[in-house]
Amino acid sequence: MKRILAAVTVVALCMAFVGCGGIFLSKNDKEKFYVTDPSLHVLEDMDEFGVYEDGKAILTAEEMENGGGFNFGNPYSEYFGGSYTGEPYDFRGRNITTKRGIGIGSTMEEVIEAYPDVACILAPDKTKSTPDNAPYIFDISPAQVEYRIRDYEDEEPYFRIERYETKDGELLSSAGYYDYIYDNDLSRYYVYDHEEEYFKSEWALNFHIKDGVVSMLGISVDLY
């Protein structure tokens with residue numbers, strides 16, 4: 001069963017997303033709600049999901065597994081309480097970033113430069129969305145994310161860079177997750193509730209943007 005993501009400010013992000021794969025689009029929604037852009041790719045290197053300072057990893061993906069992720073806004077292990085079982089850490093007051101140098105306070109332009117051709121999934125502007133509209137847009141590039149959120153007012157747009165690994169070792173993006181379900185004639189509801197049967201892991205970089213700047217950042221992990 002899918003575990004609750006504990007990587008970033010939990011309430012805010014769980015409201016924004018219903019789990020990594022919990023966007024219950026029908027097969028008919030596929031072309032309407034996302035595109036598969038061949039120029040975009042999945043982050044292959046697990047080092048991308050570590051925490052860095054001055055270009056050196058100070059918390060690796062492997063070390064993060066027991067804690068369920070990492071919150072750049074609350075960068076100390078006690079923040080997770082009893083759910084964290086890894087080695088204790090406290091990075092408060094330190095200049096921590098992703099492997100590509102993105103941290104809280106980075107601009108959207110810096111995100112675009114760091115991840116120019118990486119597939120993203122964008123949550124909607126809640127003030128403009130209706131139940132009949134697509135709740136998420138994927139796969140798109142960070143530049144496309146920036147273009148789509150320019151008109152957001154009094155909002156904090158949220159997007160993710162997702163990495164799914166199947167039992168066969170195939171790496172999938174957000175759109176690839178749905179392609180996998182539909183191409184194999186699977187039930188999206190069953191897969192969502194039993195992802196451990198199909199996937200080795202799910203990883204994501206999570207970004208909130210306020211006035212063109214990264215206001216919240218986290219790494220989430222779901223291992224099976």
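In the predicted model described here, arginine 92 lies over the face of tyrosine 76, at 3.9 Å from the ring centre; a charge is taken to sit over a ring if NZ of Lys or CZ of Arg is within 6 Å of the ring centre and within 35 degrees of the ring normal. Because the model is predicted, local features need pLDDT of at least 70 and side-chain atom pairs count only at pLDDT 80 or more, whereas totals for chains, interfaces and linings use all residues. Residues are numbered from 1 along each chain as its sequence is written, and side-chain values use heavy atoms, with hydrogens and water left out.

Charged side chains also meet one another. With a salt bridge defined as a side-chain nitrogen of Lys or Arg within 4 Å of a carboxyl oxygen of Asp or Glu, the count comes to eight salt bridges. One of them joins aspartate 45 to lysine 99, with the closest N and O atoms 3.3 Å apart. Aspartate 45 belongs to the loop between H2 and S1 and lysine 99 to the loop between strand S3 (69-71) and helix H4 (108-114), so the pair ties together parts that are 54 residues apart in sequence; here helices (H or I, at least four residues) and strands (E, at least two) are DSSP runs, numbered from the N terminus. For solvent accessibility, buried means under 20% relative accessible area, exposed over 50%, and partly exposed in between, with a 1.4 Å probe and protein chains only. On this scale aspartate 45 is partly exposed at 35%, and lysine 99 is partly exposed at 37%.

A salt bridge is also formed by the side chains of glutamate 53 and arginine 94, at 2.6 Å from N to O. This pair links distant parts of the chain, since glutamate 53 is in strand S1 and arginine 94 in the loop between S3 and H4, 41 residues apart. Glutamate 53 counts as buried, with a relative accessibility of 18%, while arginine 94 is partly exposed at 37%. In the salt bridge between arginine 150 and glutamate 146, the closest N and O atoms are 3.0 Å apart; arginine 150 is exposed, with a relative accessible area of 53%, whereas glutamate 146 is buried at 17%.

Methionine 46 is placed in the loop between helix H2 (30-33) and strand S1 (51-53). With contact meaning heavy atoms within 4.5 Å, and with neighbours within four places in sequence left aside, methionine 46 touches Ala61, Arg163 and Trp203. Methionine 46 and alanine 61 are 15 residues apart along the chain, and their C-alpha atoms are separated by 6.6 Å.

The structure holds 19 aromatic pairs. In one of these, the rings of phenylalanine 49 and tryptophan 203 have centres 5.6 Å apart and planes at 45 degrees, so the pair is tilted. Phenylalanine 49 lies in the loop between H2 and S1 and tryptophan 203 in strand S8 (residues 199-210), so parts that are 154 residues apart in sequence are tied together by this pair. Both residues are buried, phenylalanine 49 at 0% relative accessible area and tryptophan 203 at 2%. The rings of phenylalanine 70 and phenylalanine 72, by contrast, have their planes at 90 degrees and their centres 5.0 Å apart, so this pair is edge-to-face; phenylalanine 70 is buried at 0%, and phenylalanine 72 is buried at 6%.

A nonpolar core is a set of buried Ala, Val, Leu, Ile, Met, Phe, Trp, Tyr and Cys residues joined through side-chain atoms within 4.5 Å. The largest such core has 35 residues, of which Phe70, Tyr115, Phe159, Phe207 and Ile219 touch the most other members. Among the elements that give two or more residues to this core are helix H3 (61-64), helix H5 (142-149), strand S6 (158-166) and strand S9 (213-223). A second, separate core of 17 residues includes Leu172, Ile181, Tyr192 and Phe199.

Conventions
Rings of Phe, Tyr and Trp (its six-membered ring) pair if their centres lie within 6.5 Å; planes under 30 degrees apart count as stacked, over 60 as edge-to-face and the rest as tilted.
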